[in-house]
Amino acid sequence: MADARPLNQPARSAPDQATDARRRHDPEVRGFASDNYAGVHPEILAALALANGGHQSAYGADVYTEHLQQVVRSHFGRRAEAFPVFNGTGANVVALQAVTDRWGAVICADSAHIHVDECGAPERVGGLKLLTVPTEDGKLTPELIDREAYGWDDEHRAMPQVVSIAQNTELGTLYTVEEIRALCDHAHERGMLVHLDGARIANAAAALDVPMRAFTNAAGVDILSFGGTKNGMLFGEAVIVLNPGAVRHMKHLRKLSMQLASKMRFISVQLEALLAGDLWLRNARHSNAMAQRLAEGVREVPGVEILHPVQANAVFARLPHDVSERLQKRYRFYFWDEAAGDVRWMCSFDTTEQDVDGFLAALREEMAR
């Protein structure tokens, strides 16, 4: 007998093919390993559900991506244009390709994410050279930039064309608005452009208590990697072009770099939900506040040293290696420099005071053993 089931009605699964959608983790387990460990903010989930009905044009020709441009310009000026991408490494690789030639080089701190945490993607995939400079606190200065800003007419050397900074840095430190403006002026005077890795840009703005535009387009930054995943999104970031005259062929570079989402509305609607109101700021203020609470408690534990100023949502500390190993069995976190005993503790938009206080109690117990 012919199957009379309508074509758009799925067949019943056989018992051995049934989908097992049980929760496979304990939602009560908390950690301080990364803000990427956190879930998705409920307002972001609601926005995704809102965008999920019916059909919309693919590859960015949808109404959510179109409206996102207005939202982005409200933060970064009327010339800004957003190009949603899948992830932070993708955003950095696309952005840096957009502002370099085949023979171009990028000056960055030796602790920069593009240098130490992207598996060589800027060089291997982007085809550009990184010129790294040692720093004390993850921050470049005009003087440090000049260590590598030379040799533009030397065909034997990769040409310095871009300065890349992160706000906040990989060490959790912040540039002031004035410091970024001075860096941009210095780079532009030497014919170079400025890229800002803003994986945690919201935390920086919250800590400085200034709009994001104050240390991006208003300070002279040419192109921005905007981070959303670490601040409550499910996935997705954006390359935001702040100086249209500095870039070429962004759409082609995004596709070439495998960062063009077919169902782009589901990235764009998350960015819209984050940026249209104050969700980006609420989330960042909260994670920053939890890091301050954590740092205050850590300072009262004898034998534990905080290594860098706690200016955003990260706490870097040094403690005995065996204590860290025991503590990791109770709370997830990473060694930053295992040989030195350095660790990093990250707070997220959903970190609670109880999480922090519980971790501090565990730290005190393990230090006392």
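## Working through the model

Apart from neighbours within four places in sequence, Asn283 touches His41, Asn231, Gly232, Leu274 and Phe349, where contact means heavy atoms within 4.5 Å. You're looking at a predicted model, in which local features need pLDDT of at least 70 and side-chain atom pairs count only at pLDDT 80 or more, while totals for chains, interfaces and linings use all residues. Residues are numbered from 1 along each chain as its sequence is written, and side-chain values use heavy atoms, with hydrogens and water left out.

**Exercise 1.** Find the helix that holds Asn283, and work out whether Asn283 is buried or exposed.

*Solution.* 
- Start with the helix: Asn283 belongs to α11, residues 279–298. (Helices are DSSP runs of H or I with at least four residues, strands are runs of E with at least two, and both are numbered from the N terminus.)
- Next, check the accessibility. Asn283 has a relative accessible area of 4%, so it is buried; the cut-offs are under 20% for buried, over 50% for exposed and partly exposed in between, with a 1.4 Å probe and protein chains only.
- Ala314 is 31 residues from Asn283 along the chain, and their C-alpha atoms are 14 Å apart.

**Exercise 2.** Describe how α11 and α13 are placed relative to each other, and list the residues that meet.

*Solution.* 
- Take the geometry: α11 and α13 pack at about 25°, with 10 Å between their axes. (Axes are lines fitted to C-alpha atoms over the stretch in contact, and angles run from 0 to 180 degrees between N-to-C directions.)
- Name the arrangement: that angle makes α11 roughly parallel to α13. The labels are roughly parallel under 35 degrees, roughly antiparallel over 145, roughly perpendicular from 65 to 115, and oblique for the rest.
- Go through the residues: α11 brings Met290, Arg293, Leu294, Gly297 and Val298, and they meet Glu353, Val356, Asp357, Phe359, Leu360 and Leu363 of α13.

**Exercise 3.** Now do the packing of α12 with α13.

*Solution.* 
- Locate the pair: α12 covers residues 321–328 and α13 covers 353–368.
- Read off the geometry: the angle is about 135°, and the axes lie 10 Å apart.
- Pick the label: α12 and α13 are therefore oblique to each other.
- List the contact: Val323, Arg326 and Leu327 come from α12, with Phe359, Ala362, Leu363, Glu366 and Met367 on the α13 side.

**Exercise 4.** How many disulfides does the structure hold? Then look at Cys119 and Cys184.

*Solution.* 
- Count first: there are zero disulfides, a disulfide being a pair of cysteine sulfur atoms within 2.5 Å.
- Take Cys119: its nearest cysteine sulfur belongs to Cys108, 16 Å away. Cys119 is exposed, at 81% relative accessible area.
- Take Cys184: the nearest cysteine sulfur is again that of Cys108, at 16 Å. Cys184 counts as buried, with 0% relative accessibility.

**Exercise 5.** Inspect the backbone at Cys119, His249 and the Gln167–Asn168 bond.

*Solution.* 
- Recall the background: most residues other than glycine have a negative phi, and most peptide bonds are trans.
- Check Cys119: phi is positive, about 55°, and the residue sits in the loop between α4 (113–116) and α5 (121–124).
- Check His249: phi is positive too, near 60°. His249 is in the loop between β7 (237–241) and α9 (250–256), and its 58% relative accessibility counts as exposed.
- End with the bond: from Gln167 to Asn168 the peptide is cis, with omega near 0°. Asn168 lies in the loop between β4 (159–166) and α7 (177–189).
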